[in-house]
Amino acid sequence: MTTAYVRAKREWTVQHRHPWIFSGAVERLEGDALPGDVVRVADAHGATLGFGTWSPHSQIRVRMLSFDPKRPANAAFVKDAVKASVARRGAAAFAPHAGVRFVHGESDGLPGVVADCYDGWCVVQLASAGAETFKNEIAAALMEAGAKGVYNRSDVDSRLHEGLAVEGETVVGVLAGAEPPELIEIHEGAIKYFVDIRHGHKTGFYLDQREARACVGALAAGRDCLNCFSYTGGFGLACAAGGAARVENVDLSAPALALAEKNFALMFPDGAPCETAFTCADVFKQLRLFRDQGRQFDLIVLDPPKFADTKGQLMRATRGYKDINLLAMKLLKPGGVLATFSCSGAMAQDLFDKVCAEAAFDAKRDFQVIARTRQAADHPVALAFPEGFYLKGLILRALPGGGVTPSTPPCPHALPGGGVAPPTPPCS
Ligand code: SAH
């Protein structure tokens, strides 16, 4: 088998079970390997460290699959890994209308592989050459685990770094089983959503915010809520179901807002229990418009897309985060709640905290952290792969002038240490 030799003193990351070997750590390749081929990974003395897939076009040259020198990574290995990952989600993963991430890439031992399951329909995103190699085995394993069908949504730009196609029928379409319906209904606690797996973002839905939506919904009773970057209404529906007085959803995407309206109709067939608005606008501009109008809110959600893909984009991203947080803080009534998020993996938790603190300083407002949220438990982070942590949330309470604590109820899921307990743990 073709062997990738890791430079002396660079093997410790593999020994510590980190799945990425960067190009600079690879001494040489002995034999030939096409993109996505499995190679033996050896230390400078030739001892086997494990097996991974070869990505000649990427800075991440090898992605480790097997850290066991006696267990080569092959079709059976990948199928077992997929099934083990699904099994970790527990029996509830295939419950009617469940929406659960079945495979979370590196942290589930399958680099570049994402699989989300909506009411039994699996949607996969294959972002590395190795993931592409094992596409059929991944689909077969999901079917054997109980999926109704497997749909491919690998139209992601990150594949360009791997020299892989990003459009066409090899990238999008049915991989196994039956053709999924146009809209799939999922239930998240008491909330119902339609998911459009063909046209939606990512695999169709942001399952990672499940626990944060529950936390925010529990704070919404009687409040005038502004849901910025609403996508298909996620936080807005949680607020409406939590007894909000008014919910305004703002997003740049007209199709996302159209589905948000459908979701409100699905959830509240006799009409929403509160006033609703669906505003198609750029949040950066809309927040300024509200400022100029002197508009105030009781609860604001800021859940923007990823502003930084890499550490190099952090400066620009930091400015973006500070801008929207500063604007939103100024729009909050005393005692109001700001639920603010960053899904940029490159932005560490402490930097995000600092950006929000700077925004509060410039807004001349005092805030308390009443809860912290993170990506839902079905998006685990392997301890050996801290890069897997990307979604951070701060639930902040605005103090009135003079620093008197208003009567905002505590987040019911808040833990003493500052984290948020999942309302219903999806993992076994
Ligand atoms: N909170 C959502 C997910 C938000 S994803 C949920 O719980 O499901 C980010 C959203 O931001 C996307 O819907 C995207 O269309 C929108 N978006 C991106 N840039 C924007 C901008 N400048 N103004 C308004 N919306 C924007």
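Colleague: What makes you say that 15 residues of domain 1 are in contact with 14 residues of domain 2?

Modeller: Contact means heavy atoms within 4.5 Å, and by that criterion 15 residues of domain 1 meet 14 residues of domain 2. This is a predicted model, in which local features need pLDDT of at least 70 and side-chain atom pairs count only at pLDDT 80 or more, while totals for chains, interfaces and linings use all residues. Residues are numbered from 1 along each chain as its sequence is written, and side-chain values use heavy atoms, with hydrogens and water left out.

Colleague: How do you know where domain 1 and domain 2 lie?

Modeller: The bounds come from an automatic or database domain assignment, which gives 3-66 for domain 1 and 75-177 for domain 2.

Colleague: Why is the pair R63 and E106 called a salt bridge?

Modeller: The term requires a side-chain nitrogen of Lys or Arg within 4 Å of a carboxyl oxygen of Asp or Glu; the N to O distance between the side chains of R63 and E106 is 3.9 Å, so the pair qualifies. The count between domain 1 and domain 2 is two salt bridges.

Colleague: What is the area buried between domain 1 and domain 2?

Modeller: Buried area is the accessible area (1.4 Å probe) that two parts lose on being put together, summed over both, and for domain 1 and domain 2 this comes to about 1000 Å², with carbon and sulfur atoms giving 65%.
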